[in-house]
Amino acid sequence: MEAVSVRVGTRGKWAAAAGAPLVVALLKPVQALMAAPSMLFLAALAAMLLRHPDVPFYAIDRVAFGLLVAGVLARAIVLRQRLFVMERASWPMIGLTLLAVASVAGQPFDNETWSLLAAKFLVPFTLFHLARLVFQEERSLRQFEIFALAVLAYLSFTAIAFLVGAKELIFPSFILDPSLGHHADRARGPLLQAVANGVSLNMLGLLAWHAFRRGSFRGVKACVLLASLPVAVLATMTRAVWLSFVGTILVVIVRFRSGGWWRAAVALALVGSAGLLWVLCNPELESTIAERFEERGPVDFREAVYAGGWQMFLERPLTGWGVNQMPVELARHVSGYKEKVLYPHNTYLELLVEHGVAGLALYLWLMWEIWRLRGGCIPRGERSGFLDGQFHMLWPILLAVYWVNAGLVVMNYQFVNGLLFTLAGMLAAQQRRASQERSVEARVEGGIEA
């Protein structure tokens, strides 16, 4: 019996030794995903920005998102981190997601509908909670800041290349395809929509100002990038984007009257004026801009669409029409246009029509909760970092840029939504760290007094 047990034990060791390389090989990809969660997060955002809408492997953004979720969750399990924390903003997120999923579940399967649901709710809400696990240290926050600056440089370069006619420099080439997206005659970037490109430039520009003030982004590169931003915004040829950008600069100048903020804003305003003068010296560009200011068609179209959308809401004020049902139904409620599909061009109107009063109420609740993040406490070791007090002052302006443009376009863009909710998740996680720090200090003080 002892000999048998020895032989069995020896065979078990041999089997374990033979299977070890296989186990190690299988775990290598998981280990790679867990090694650099911040880089994995940024790669997923980049895939959402550069996602090609019409190629066989169009789901590259979904693949990147899935790898991000798997890598971050596996790392959290290994490090014994709490996987999910209910923030105040989590409750309206859950409510909106349940409303949308219940609406889609009652319809025949449609890939476009599920993609819209993911872009508007599932992906950004997940990024909000994953940001808590990923961006916990200043090093990872600095990587995010560098990523934001790189994306801003890319979008600005692409927009200016389009403006001056250097279309051979635009990458990816699908940006120039008139059969995809909207506004092929404007600088629309990889988002394929001029307003979405404009709001991205505006928000990323604010992050660039923040880096300039902190001293983490200076020199010739900073000057060139900030100088190119007004010209890139001008290239979108969209009045709403222009007004939003000018309003942003004015608010920054008024709100931050001293230090690097004021100097950067004034310098940007001067550069923008110089860029406008340069454009006016070009007869062709001057004519294009004049036409955009005088164009009345888009205003009339929006008035008709808004009236039709309001009529749809009055027909189903409580239940709504369901996700992605508005474009086809709206065409039946708007007269004077031959298109079979019409879009509301307003995020709030779409929420009201698709999900009823409850949907808009949940969305407003969500926006209120992420607005409240501006007043959160800052841990002692983070008061000079990326999420410093000045960033908290900047947060309402970032939200205002998003809100204003959401009233002019439906925010179905994963990158724009992902960027906003990633920043919100960072602030929510910082508040929780500050709360834990205060709790520890209170216990220490209590122990000393005792």
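**Figure 1. H345 counts as partly exposed, at 21% relative accessibility.** Buried means under 20% relative accessible area, exposed over 50% and partly exposed in between, with a 1.4 Å probe and protein chains only. The model shown is predicted: local features need pLDDT of at least 70, side-chain atom pairs count only at pLDDT 80 or more, and totals for chains, interfaces and linings use all residues. Residues are numbered from 1 along each chain as its sequence is written, and side-chain values use heavy atoms, with hydrogens and water left out. H345 belongs to the loop between α13 and α14 (347-371). Although H345 is a residue other than glycine, its phi is positive, near 55 degrees. Helices (H or I, at least four residues) and strands (E, at least two) are DSSP runs numbered from the N terminus.

**Figure 2. A cis peptide bond joins F171 and P172.** Omega of this bond is about -5 degrees. P172 lies in the loop between α6 and α7 (194-214).

**Figure 3. F144 is among the residues with the most contacts inside the largest nonpolar core.** A nonpolar core is a set of buried Ala, Val, Leu, Ile, Met, Phe, Trp, Tyr and Cys residues joined through side-chain atoms within 4.5 Å. The largest one has 112 residues, and I370, F391 and W395 join F144 as those with the most contacts inside it. Helix α6 (residues 138-164) supplies the largest share of this core, 13 residues. Not counting residues up to four places away in sequence, F144 touches L42, L45, F135, L207, F386, L419, T422, L423 and M426; contact means heavy atoms within 4.5 Å. Apart from this core lies another, of 14 residues, including F301, V305, L330 and L352.

**Figure 4. Helices α8 and α9 cross at roughly 155 degrees.** Two packed helices are described by the angle between their axes and the distance between the axes. The axes of α8 (residues 219-235) and α9 (residues 239-255) come within 8 Å. Axes are lines fitted to C-alpha atoms, for helices over the stretch in contact, and angles run from 0 to 180 degrees between N-to-C directions. The crossing makes α8 roughly antiparallel to α9 (under 35 degrees counts as roughly parallel, over 145 as roughly antiparallel, 65 to 115 as roughly perpendicular and the rest as oblique). From α8, L229, P230, V233 and L234 meet V241, W242 and F245 of α9. By class, this contact has seven nonpolar, no polar and no charged residues (Ala, Val, Leu, Ile, Met, Phe, Trp, Tyr, Cys and Pro count as nonpolar, Asp, Glu, Lys and Arg as charged, and the others, Gly among them, as polar).

Figure 5. N202 is buried, with a relative accessible area of 3%. Leaving aside neighbours within four places in sequence, N202 is in contact with S244, F245, T248 and V401.

**Figure 6. N197 is a buried residue of helix α7.** Its relative accessibility is 1%. Neighbours within four places in sequence aside, N197 is in contact with L155, A187, R188, G189, L191 and T236. N197 and A232 are 35 residues apart in sequence and 9.7 Å apart in space, C-alpha to C-alpha.
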